[in-house]
Amino acid sequence: MKINHFFNLVFLGILQGFSQSFFYLIPLVVLVYFFFLKKIILAKSLKESFLNGWTFGFGFFFGSMHWMVNPFLIYQKHFLLFPLGLIVFPLVMGLFFVIPTVSIFLAKKTKILSEERVFLDSFFICFFFFLSEFLRSKVFGGLPFNLSGHIWAFNSDFIQISKFIGVYGFSFLTLLWIIVSVNLFSNKNFKLSFLMFVFFPAFFLSFSFFSNSEEEKDNNDSILVRVIQPNILQEEKWNRLFFQQNIEKLLKLTKEKNDQKEKIVVWPEVAVTLYLNEEEDFLRYLKKEIPSNITIITGGLRREISEGQVKVFNSLYLINKNIKFYDKIKLVPFGEFIPFRKWVDFFKITPGSTDFSVGKDLKIIEDKVGEQNYFFEPSICYEAIFQTFSDTESQLLINITNDAWFGNGLGPKQHLSAQIFRSVEKSTPLIRSSNSGISVITNEEGEILEKIKLEKDGFIELELKLQSRKTFFEKNGNVSLIILILLTFLLFYLIDKIYHLKVKSKPIFKT
């Protein structure tokens, strides 16, 4: 493998990874696939196919998730570990791109791929790339960042199809759109390539013109929500010397321009760096300082001590007359727990020496503001990038996070783009409080209604309608994805059959 070939693939991967986060760079994503697929198809050996995928994958994760280096730069004791985020992480994750490149090579060798079947070939190539995305979203806890469908996240009109097929189905169709367009262009079928390039986005856009709220109930129920973004520096957040100062800032933003209407106010992840279930004096202080019309939802710590065992949880608390809590289920490796702690104990990048414990299950929390009952689904940090299914319908999705770990680059934007799909899949507004940004309130279409930008402090406030609706995707889950893949295979098989019948029926010589 020539060194120039290696650098070209890394460069293509970096372009692809960087372009994932910007809607207006979607044409660049398609262009990268055009050159990448040409290099894959021309591979002459299994080794070359393997290295093609790995080098491109390294570039992709280096370009899209270089912000993984930021957690190692917050505390001085971790400075020497920054290569783990900058080099080791993309090297390991890049292996997922080996799946499509090796699969394409083997499919060519076994004649599964044939130059005579443009559409069916496109289906198989798309499926191999999609399989790579799906597996990295599931194995070893999963990392569903920068899926193909996420490139549309910040234009809500294009993502309403997710109410039917979810983000994985949408990612499959996005890959199909790219690969069909590229394959047709490579075969010099320019008119049909352009038609496909235009057709798929138009098809996505068409879903914004109708709703899938089969069980929607018309009512006038609403709730007033305020989201706080304190923008507290990470190195000050856990420093006990700044504790009172941080709490006063949160309280100031909570009480500012308070109009006495009943409302919920959402603070970010571990906004209170105490074991709140043990701090009765502090809870009394909070209730005294917070106006009676306000219900606080905040992040905090929770500790259980039983038979000499200590369990610590990263929790979400609801504080009014009663206190309810939710314990985080999806923990961040090396941040909240250390895999293989016996050998790599020094890798923990968050304060404290104890691993967090895993919460028992997802729970829909019911509460009352004034006379208004409401239900919400809680999530903490990157939990909200994972699909969830519950028998109980929620009227709000409330996510608390601390993206100060991610710096001020692409990380917080990618985190938010992945979370927006939960709002669309469930047709439910998303309320997101992030310590340093980006904090948002969206509607049930995933459209951002109010936002606080990165590294700004302040609050946003909005009255949201409470609606009861369940989407097709919520009812059927990823069964809809399996149906989509099977139907696409059948459709493309028939298209190739019909297309080639027409080609064969053409006279060889014009009369």
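This is a predicted model: local features need pLDDT of at least 70, side-chain atom pairs count only at pLDDT 80 or more; totals for chains, interfaces and linings use all residues.
Two strands pair if DSSP finds at least two bridges between them. I take strands (E, at least two residues) and helices (H or I, at least four) as DSSP runs, numbered from the N terminus.

Residues are numbered from 1 along each chain as its sequence is written, and side-chain values use heavy atoms, with hydrogens and water left out.

**Entry 1: around S2.** I started at Val-227, whose bridge partner in S2 is Val-266. S1 (residues 222–229) runs parallel to S2, with four bridges. On to S4 (residues 294–306): S2 pairs with it in the parallel sense too, over four bridges, and there Val-266 stands opposite Ile-297.

**Entry 2: the six-stranded sheet.** I read the strand order as S7-S8-S9-S10-S11-S12, an open sheet with mixed pairing. S7 (365–369) and S12 (448–452) each have a single partner strand, so one side of each lacks a neighbour in the sheet. On average, neighbouring strands are turned by 25° against each other, direction ignored. For such angles, axes are lines fitted to C-alpha atoms, for helices over the stretch in contact, and angles run from 0 to 180 degrees between N-to-C directions. Inside the sheet, S9 (residues 396–401) and S10 are parallel over five bridges, and Asn-399 stands opposite Arg-432 in S10. I also found H13 (residues 411–426) packed on this sheet: it touches S8 (372–380), S9, S10, S11 and S12, and its direction makes about 160° with that of S10.

**Entry 3: cores.** A nonpolar core here is a set of buried Ala, Val, Leu, Ile, Met, Phe, Trp, Tyr and Cys residues joined through side-chain atoms within 4.5 Å. The largest one has 104 residues, and Phe-129, Tyr-374 and Leu-396 have the most contacts inside it. H7 gives the largest share, 15 residues. Another core, of 20 residues, lies apart from it and includes Ile-247 and Leu-250. I then listed contacts (heavy atoms within 4.5 Å) for Phe-129. Leaving aside neighbours within four places in sequence, its partners include Tyr-33, Phe-97, Leu-175 and Ile-179.

**Entry 4: H6.** How many of the 19 residues of H6 are buried? I get 15, so by the burial cut-off the helix is mostly covered.

Entry 5: Most residues other than glycine have a negative phi, and most peptide bonds are trans. I went looking for exceptions. Asn-146 has a positive phi of about 55°; it sits in the loop between H6 (118–136) and H7 (162–186). Lys-188 has phi near 60° and lies in the loop between H7 and H8 (190–206). Which is buried and which exposed? Asn-146 counts as buried at 4% relative accessibility, while Lys-188 counts as exposed at 66%. Last, the peptide bond from Gly-437 to Ile-438 is cis, with omega near 10°; Ile-438 is in the loop between S10 (430–434) and S11 (439–442).

Notes
Buried means under 20% relative accessible area, exposed over 50%, partly exposed in between (1.4 Å probe, protein chains only).
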